[in-house]
Amino acid sequence: MNERRDATTDAAGPTADGSRTDPATEAFLAHHNLLFTVVYEMLGSAADAEDALQETWLRWVKVDLGQVVDQRAYLVRIAARRALDRLRVMKRRKEAYVGPWLPEPLLTAPDVAEDVELAESVSMALMLVLETLSPTERAVFVLREVFDVGYDEIAAAVGKAPATVRQIAHRARRHVDARRPREVVSPDQTRAVLASFQRAVETRDLQGLLDVLAPEVVLISDGGGVKRAAPQPVIGAGKVARMIVGGLGKAQIALAGEPVVVNGNPALLLRVDGDIDGVMAARVENARITGLYYVRNPRKLTRIASETPLTLR
């Protein structure tokens, strides 16, 4: 897409106090939530996403806005480049991470769960699938499949020829489609299943857990070496249920759950003695839980106190 024009950029509008922002700031703020969503889906880390946006801003203020036709596309291109650079560094960092790595959970507004496309794209289940892609594949998939960016724009962002980008997109789509949930589950269905799970956990009801967990359920817990967590994924309803009930009994603690919306999907905020212990997200299929994702690392729980606005547009 040709993003340059000869006409000058329109003057910026007034701020709440009556002053006027400069055009670069106004454009960046107008697209901030979109840019954050793009880089977060590429990185799975809110902290790294904010750093990528800071780098985007520093480059954006040096751009001659009088030559930019499509500010949204131009900003997305800059942000994607910065995120891809950071994603390559993060890949090495994750290899040294203590225990399983899970995306950083974001508290989101309840209405995000009603936006099926957005909710799926930021779900823990899909974000984990994206972790299995190479950095370039992930960038191409997110930009094309989630945000419908054109191949030429993606090519400019990732430094590849458009024909190569098409091939990468096809390969990444096939990889993700083979691993993503096939059933579309409504937020109400997920909430109902999580409510049953919550009751069973709070009452240490082993049979209740077995009833709500799918036989092939996988539990992944992320403590980051700071909080205790299973060093490997726990597979199977019996093992997962016994670990939960046995762990609560052994520690002699009462775990209480609070329904929340995390990454656009119903989840549980778990507390011990009133203090936040972690966030539990779930993948639900056929009215049973097939995936449990428990983030306990306190460094990843900074975005659950207030809602993070996300958007695909």
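Predicted model: local features only at pLDDT ≥ 70, side-chain atom pairs only at ≥ 80, totals over all residues.

**Entry 1: helix 1.** The buried residues I noted in helix 1 are Ala24, Thr25, Ala27 and Phe28. Looking down the axis, I found the buried residues within an arc of 165°, so they line one face of helix 1. Leu29 and Ala30 sit on the other side of helix 1, and both are exposed.

**Entry 2: helix 2.** Next I asked how many of the twelve residues of helix 2 are buried. Ten are, so helix 2 is largely enclosed by the rest of the structure. I wrote them down: Leu34, Leu35, Phe36, Thr37, Val38, Val39, Tyr40, Glu41, Met42 and Leu43. I see that Glu41 is on that buried list along with Leu43. As for what they pack against, I got helix 1, helix 3, helix 4, helix 5 (116-121), helix 6 (124-130) and helix 7.

From first C-alpha to last, helix 2 reaches 16 Å, close to the 16 Å expected at 1.5 Å a residue. After helix 2 comes glycine 44, and I noted that its phi is positive, near 75°.

**Entry 3: helix 2 against helix 4.** How do these two lie, parallel or antiparallel? I found an angle of about 25° between them, with the axes 9 Å apart. An angle under 35 degrees counts as roughly parallel, and helix 2 and helix 4 are therefore roughly parallel to each other. Their crossing is right-handed. On the helix 2 side, the contact is made by Leu34, Leu35, Val39, Met42 and Leu43. On the helix 4 side I listed several residues, among them Leu75, Val76, Ala79, Ala80, Ala83, Leu84 and Leu87. Arg72, Arg86 and Lys94 of helix 4 also take part.

**Entry 4: helix 3.** This one runs over residues 46-60, which is 15 residues. I got a reach of 20 Å from its first C-alpha to its last, close to the 21 Å expected at 1.5 Å a residue. The buried residues here are Ala46, Asp48, Ala49, Ala52, Leu53, Thr56 and Trp60. They cover an arc of only 155° around the axis, which puts them on the same side of helix 3. I then asked what covers them, and the cover includes helix 1 (23-30), helix 2 (32-43) and helix 4 (71-95).

**Entry 5: helix 7 and helix 8.** I moved further along the chain. Helix 7 (residues 135-146) and helix 8 (residues 151-158) have axes that come within 10 Å and cross at roughly 150°. That makes helix 7 roughly antiparallel to helix 8. The crossing of this pair is right-handed. The residues that meet are Ala139, Val140, Leu143 and Arg144 from helix 7, and Tyr151, Ile154, Ala157 and Val158 from helix 8.

**Entry 6: asparagine 297.** Last, I picked a single residue. I found asparagine 297 in the segment after strand 6 (288-295). Is it buried or exposed? Its relative accessibility is 3%, so asparagine 297 counts as buried. Setting aside its neighbours within four places in sequence, I found asparagine 297 in contact with Tyr97, Asp222, Gly223, Gly224 and Val226.

Conventions. Residues numbered from 1 in each chain as written. Heavy atoms only, no water. Helix = DSSP H or I, 4+ residues; strand = E, 2+ residues; numbered from the N terminus. Expected span 1.5 Å × (residues − 1). Buried < 20%, exposed > 50% of the residue type's maximum accessible area, 1.4 Å probe, protein only. Arc of directions from axis to C-beta. Contact = heavy atoms within 4.5 Å. Axes fitted to C-alpha atoms, helices over the stretch in contact; angles between N-to-C directions. Parallel < 35°, antiparallel > 145°, perpendicular 65-115°, else oblique. Left-handed = near helix turned anticlockwise from the far one by under 90°.
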